[in-house]
Each structure stands twice: as C-alpha cells, then as structure tokens.
Amino acid sequence: IDFFTIFLSKLYRELSLYPSLSRADVGPVITSQYGGKYSNIYTEWSQRDLERNENVKFCRQYIVFHDDKSLVYSGASGNCTEIRGEVLSKDSPSGEMKAVVRECTVKGEEKQFLEIWSKNIKMKSINLTALKKHGKVYEDEQFGCLVWSHSETHLLYVAEKKRPKAESFFQLSSSIDEEETTRLDRKETVKGEQFAYHEDWGEALVNKSCPVLCVLDIEGDNVSVLEGVPDDISPGQAFWAPGDTGVVFVGWWHEPFRLGLKFCPNRRSSLFYVDLTGGKCEQLSSGSSAVCSPRLSPDQCRIIYLECSVYGPHMQCSKLCMYDWYTKKTSVVVDEVKRSKEDGFAGIYCSQLSPKCWSADSQRVLISCPQRSRKDLLTVDISTGSVTSLTAESDIGSWCLLNIERDLMVVSCSSPNCPPYLVVGFLPSRDSQEKVVWVTLEGSQMLPDIGWQIMTFTPPPEHDNSQYPGLDFEALLIKPKEVKAEGNLPLIVIPHGGPHSVIVAEWILSSSVLCSMGFAVLLVNYRGSLGFGQDNILSLLGNVGSQDVKDVQFAVESVLKNGDFDGQKVAVSGGSHGGFLACHLIGQHPGFYKACVARNPVTNLASMVGSTDIPDWCVVEAGYDYSPDCLPEPSVWEQMLNKSPIKHVTQVQTPVLLTLGEDDKRVPNKQGIEYYKALKARQIPVRLLWYPGNNHSLSKVDAESDGFMNIALWIIQHLSLR
Ligand SMILES: CSCC[C@H](NC=O)C(=O)N[C@@H](CO)C(=O)O
C-alpha cells in the first residue's frame with residue numbers, strides 16, 4: 001500500500017464521519033413552571049462505522065421553547081446515544097408512552113419483542129416470536145409501520161403472515177415422550193411443503209411475501225391479526241381511522257404475480273378501510289391506479305395521498321389526491337405537471353410524504369421533493385391547489401422535510417459542500433407574506449474547498465425529441481474551488497440510475513471525497529430525469545441508449561470547453577441504469593473515456609427481462625406496453641437487444657471495472673458477467689469485484705467503502721494520474 005492509497009482512505013474515513021438524518025419527531029407542548037411553552041424534538045441519525053463495518057443509528061434530543069409561532073430558545077438536551085436492536089419505535093400521541101419492536105438474541109435464537117415503556121419503566125415486553133401469531137415484523141418503508149391508536153390503547157403494525165411449519169415426508173411422527181409444546185407444534189406442520197416456492201416483493205424486500213395487519217391490545221396483552229383484508233391484497237402503510245373504528249391502509253394487488261416494489265410506486269394499489277368489528281373491507285380509491293403515503297389531517301377529516309398510473313415509467317410525476325372521510329369524495333388537489341409552470345413549479349416527485357405533512361389548521365400540506373436539480377420545500381393549499389415554494393430562493397441545494405407538528409417544521413438541509421444539518425422553523429400562517437425564520441438545531445461543517453453549480457443545457461436541434469420538443473436538462477458540477485493549474489482538471493462523469501430518478505444538489509459522500517482529491521465530478525440529469533415535468537420523463541421511453549447517451553455526452557463536451565479541464569482525463573461511472581449509460585458511452589464514443597466503472601449495470605435488456613424482479617421495466621423503457629400474461633413479440637426482443645450496451649461492446653477501448661452484488665434481484669449479476677465475458681473475449685482490460693451479501697445498491701458499509709477505494713484507484717490508474 002503506497003502513500004496515495006493511505007491518503008485516499010484517510011480522506012474517505014474523515015468525510016464518512018458526517019452523519020445523515022433519518023427521522024425527527026416533535027413531542028407534545030409542555031408548559032414549564034414559569035409559563036414558558038416548549039417541545040422536545042427527537043432525532044435519529046445514521047453514520048458509517050468503518051471499524052465495526054456497519055451503519056450505526058443514534059439519537060439526540062433537542063428542546064425548543066416557542067410561542068406557537070416563533071422560536072424563543074432552542075438547544076440540544078444531552079448527548080447522543082447509539083440505538084441498538086430497535087426495529088421500530090414510536091412515542092404515543094400524548095408523549096406518555098413509547099412502543100418499541102426490539103430484536104434480540106436469547107439463548108442463541110433471534111427473537112422479536114414488543115415493548116411498552118411508560119416514563120422510565122418498561123411496562124410490558126411481549127415475546128412476539130413465542131406468541132406465533134405471525135412471522136417477522138416489517139420494518140421497511142414500503143409496508144412497515146408502528147402506530148398508536150388515537151385512544152393509546154392499541155398498537156398497529158405489519159408482519160409476515162404465519163406460515164405453517166413444513167417438514168419432510170419422512171419426518172417421524174411425534175413420540176409420546178415429546179414435550180406437550182413440541183407435540184402441539186408438530187400438529188401444525190404440513191408435509192410436502194418443505195420446498196414450495198414463495199413469491200416475494202423483490203429487490204430489498206426478499207422474504208416479504210404476505211404481509212398482514214396486526215393489532216396489540218395493550219391492556220389485554222393480546223395480539224390479533226386483522227381479518228377482512230382481501231386474499232389478493234398485500235396491506236401496508238396502515239394507520240387508525242378516525243375514532244379508531246378501523247384501519248386505513250394501502251393494499252397492493254399481488255395477482256397474477258408480484259413485481260418488484262422498491263423504486264416502483266407504479267404498482268396497482270388502492271386505499272382500503274377495514275372495519276375492526278366485522279372485518280368488512282372497503283376500497284376507498286380507484287382500483288386502476290397506484291397510490292402511496294396516505295396521511296390523515298389533524299382534524300381527522302381528510303386523507304391526502306400520492307397517486308400515479310400503473311406500469312409505464314417506474315417513477316413519474318405524482319398527483320396529490322384527497323379523500324374526504326365524511327363525504328367519501330376523492331379529489332385531485334395537485335395534478336400531474338407536463339412541463340414546468342411559469343412560477344417554476346415542476347410537479348410532485350416523491351414516493352413518500354414525511355410522516356406528518358399537514359399544517360395545524362388542516363388547510364395545507366407540506367412536501368419536499370426535487371424541483372429540477374434541487375430539493376425544495378413546497379406548501380400546497382388544499383382548497384385552491386396552489387403550490388408555493390418556501391425555499392426556491394435559497395442557496396442550499398436540498399431541503400428535506402423530516403416532520404411537521406403544530407406548524408413546527410423539522411428539516412434536514414445539505415449541499416454538495418455541506419453535510420446534513422438540522423433546522424427548525426414555524427410555517428407562516430396561510431395568508432401571511434412572512435418568510436420562514438429558520439433556526440439551526442445541529443450545525444455541520446461547510447467544506448470550503450468544494451464548489452458546486454447547476455448547469456442548464458439545451459440539446460442541439462439534431463438531438464431534439466420530435467414528440468416532446470423543446471425540453472432542456474441540467475447537470476450538477478462539483479469541483480475544487482481553486483483550480484491549481486489551468487487545463488488539467490480530471491473529470492468524472494456520473495449519470496444517475498433509474499433512469500427516472502434525479503441527482504439533487506445534496507451532500508454526496510463519494511463526490512465530496514473525489515472532489516477533495518482534485519477531481520471534478522459531473523452528475524447529469526439527462527432528459528428522462530424526475531423533477532422536470534412528466535413530458536421530460538416520457539420523452540425517454542423507447543429512446544434509452546440514445547437520447548440519454550446523447551445528453552450526457554453533450555453535457556460533458558460542453559463542460560470540457562471550459563479551460564479548466566483536461567479532455568484526455570475523463571472517466572465515466574454509474575450504477576444500474578447509470579451503469580447502462582456508462583457502458584453505452586464507452587461503446588458509442590470509443591476511446592473518449594479513459595476509465596469506466598459500472599455498478600450492477602444493465603448490459604442487455606433482452607437477456608434481463610426474464611430474470612429481473614421488474615420485467616416491465618425492460619419492455620417499457622424499450623418503448624412498448626407491458627402485459628404480464630404475454631411474451632413480448634420477437635421484434636420487441638430485437639429492440640431490447642438493439643438498445644443495450646452489449647450491442648456496442650465490440651467498439652469498446654476503455655478499461656472497465658465492474659462491481660456486482662451477489663444478491664441483486666433487480667439487475668441480476670449475470671448482466672455484469674455477460675459484459676465481463678464480452679470484454680475479456682476482446683482483451684479489453686476488465687476487473688470484476690463481487691460483493692456477497694449485497695443487493696442492488698451495494699450499500700453495506702464494507703462493500704460501499706471497498707467499492708469507493710477500488711473505483712477511485714481504477715480511475716487514477718487509467719487516467720495516468722500517478
Ligand atoms: C431493471 S433495473 C432498472 C434500473 C434501476 N431502476 C430501478 O430500480 C436503477 O437504475 N436503479 C437506480 C435507482 O433508481 C440505482 O442507482 O440503483
């Protein structure tokens with residue numbers, strides 16, 4: 001190991017110390033003995049621990065004195081504490097109690113407990129594993145929840161349906177000597193099911209197959225699985241209906257078969273209500289669209305939720321819809337936006353609203369979402385549908401709403417040169433022109449040597465899309481503030497994945513380390529990205545491998561015209577669809593890029609369609625309609641192949657580093673291997689890194705850090721930088 005590698009790992013270690021915010025909850029208003037009003041804010045953070053090789057979660061609380069409209073005093077109360085073993089946790093609405101789902105190992109066996117804490121006493125610890133009412137509790141963002149009833153007497157959560165134990169046809173029947181419990185267990189086992197296949201919900205949701213809604217009656221210590229949910233529906237994102245009469249949830253249809261859900265809010269789904277007493281289930285929204293993130297208003301009269309169409313591009317511009325609990329009427333509050341409005345509003349792009357998103361008077365909804373290459377904080381007036389940005393004028397690249405309670409907004413801010421920090425501010429009243437006064441609760445350190453800018457590009461006429469003419473796109477350029485000698489800045493080009501996702505101007509660890517090492521990084525939001533209107537998204541369907549490739553190359557060549565860069569020292573790196581683009585770029589522009597890195601890249605749509613958890617993606621991106629019960633026509637297979645990077649592999653001259661996850665369900669690692677073999681056959685330098693226990697994101701701490709080091713060293717080597 002040389003000096004350079006040590007320097008690089010030291011830099012990575014240093015910058016990986018900055019934690020990110022994952023959650024914030026605002027407690028009830030307390031009146032102090034001197035009459036001052038205050039609330040506690042509970043925050044959760046996550047940080048990479050390179051020594052322990054895990055992402056550690058910790059919490060810190062803050063105290064905020066206020067007069068319901070403005071902050072009087074705020075500060076941290078105590079130090080931070082690491083959180084271990086907590087799967088889910090939630091304070092009761094009054095703040096009197098706390099519920100925790102905890103995982104721990106007892107006598108070598110993993111168990112899940114549901115704990116109820118009151119003040120400083122653990123009142124109950126219910127062994128959910130021993131109860132055997134259901135399987136593991138869901139902790140994911142897709143289905144998972146832990147919700148107190150309004151009366152604080154019951155808790156609602158989602159778990160895997162209990163599956164009868166399967167045993168071999170040849171298992172001997174229980175002997176008389178066996179303990180009673182073992183004999184009872186045996187009674188419930190089924191023979192012949194031992195090797196039955198159970199569908200799951202795909203990438204990052206493996207082993208999640210049949211979720212059920214579960215309720216704990218706290219007083220009676222009784223867990224029950226709610227009845228009445230239709231058999232062809234997987235429920236999740238549940239909460240208590242007004243008056244605790246039942247439960248509202250999102251239900252995803254899982255017939256004819258489950259398609260991957262991660263990054264796919266376009267799956268057929270609806271809002272449902274299941275009655276607690278009779279188990280009667282009612283469908284509240286249309287059955288022909290895709291919905292998520294339902295949130296009940298503080299006055300308990302309305303439910304706001306996001307809706308988009310089924311199939312088509314996976315991520316799209318959403319509608320903000322509202323269901324009136326009493327009139328049972330549904331309305332569209334904010335419609336899909338085809339092109340940015342005159343006031344700059346570009347539409348709603350998020351697959352999740354913050355846990356609470358309503359103003360205290362139940363008249364406005366707050367949403368943080370990408371608007372072109374920034375993440376902004378928007379307010380929506382539910383009676384007029386008018387959208388106002390609270391942050392459009394700010395210099396900060398990303399405003400992420402963690403929560404809002406009684407108009408106190410808790411936000412995580414960051415920029416490419418500034419790690420996440422925590423701010424709070426009161427939402428000004430509906431008809432006031434006042435600006436929000438933001439107060440920092442937990443600051444962060446600005447990196448003075450890193451500069452960033454957002455660049456806008458108009459494609460040349462020959463690249464214009466005749467069906468969707470006049471669209472522009474952007475790129476985020478991150479580069480050292482001081483360029484030492486003119487004309488020798490190396491450039492790393494990073495097209496994002498998706499392709500319908502977006503890079504916003506937020507803190508990105510890898511980019512900041514690369515920039516601190518003296519690289520410029522260009523992250524391109526080519527046409528097809530989120531945040532620029534629905535037309536922009538649709539313009540890419542059928543044009544993958546050409547329009548997106550042209551946009552990236554156009555952005556790179558435009559940037560290179562600036563005298564700071566060395567056109568002979570350009571590398572390209574991307575993951576997933578970004579890896580697809582990296583491989584396309586080196587195939588379509590032979591020799592232009594001196595190094596290429598691809599994380600779990602899509603290299604051949606035609607060979608992937610039968611093995612990914614989202615076959616519809618391949619067909620739709622190739623420009624065709626997907627149908628789950630039809631094999632694509634031969635011409636569609638041909639087009640899928642024609643639009644794939646493998647088609648251009650014979651032109652490649654660039655050395656390629658592939659990083660693959662053994663357990664990737666999204667882009668099966670065979671895609672990378674197919675490309676690896678094609679390169680090897682032509683004696684193009686190629687190296688493959690294989691990460692066991694990792695899925696599509698390669699985000700486990702060791703895979704991420706090892707990947708970063710290898711990527712940086714690969715680029716340095718092939719750009720001849722040492
Ligand atoms: C059949 S894989 C499609 C590409 C993938 N899309 C959704 O999962 C992708 O590019 N994913 C991005 C995130 O959007 C990634 O970086 O993994």
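## A walk around helix H7

Start by selecting helices H6 (547-560) and H7 (577-588): they pack at an angle of about 75°, with their axes 10 Å apart. (Axes are lines fitted to C-alpha atoms, for helices over the stretch in contact, and angles run from 0 to 180 degrees between N-to-C directions.) That makes H6 roughly perpendicular to H7, a label for angles of 65 to 115 degrees. Helices here are DSSP runs of H or I with at least four residues, strands are runs of E with at least two, and both are numbered from the N terminus.

Before moving on, note that this is a predicted model, where local features need pLDDT of at least 70, side-chain atom pairs count only at pLDDT 80 or more, and totals for chains, interfaces and linings use all residues. Residue numbers run from 1 along each chain as its sequence is written.

Now show the residues where the two helices meet: Asp548, Val549, Val552 and Gln553 from H6, and Leu581, His584, Leu585 and Gln588 from H7. Contact means C-beta atoms, placed from the backbone, within 7 Å.

Stay on H7. Its twelve residues reach 16 Å from first C-alpha to last, close to the 16 Å expected at 1.5 Å a residue; the expected span is 1.5 Å times one less than the number of residues. Eleven of the twelve are buried, so H7 is largely enclosed by the rest of the structure.

Next, pick the ligand. Of the 17 residues around it, Phe263, Gly497, Gly498, Ser576 and His577 come nearest, where being near takes a C-beta atom, placed from the backbone, within 6 Å. His577 is also one of the buried residues of H7.

From Gly498, step to Pro499: the peptide bond between them is cis, with omega near 0°. Pro499 sits in the loop between S33 and helix H4 (509-516). For another cis bond, go to Glu255 and Pro256, with omega near 5°.

Most residues other than glycine have a negative phi. Gln300, however, has a positive phi of about 60° and is partly exposed, with 15 other C-beta atoms within 10 Å. Gln683 also has a positive phi of about 60°, and with 7 C-beta neighbours inside 10 Å it counts as exposed.

Methods: Buried ≥ 20, exposed ≤ 12 C-beta atoms within 10 Å, placed from the backbone. Parallel < 35°, antiparallel > 145°, perpendicular 65-115°, else oblique.
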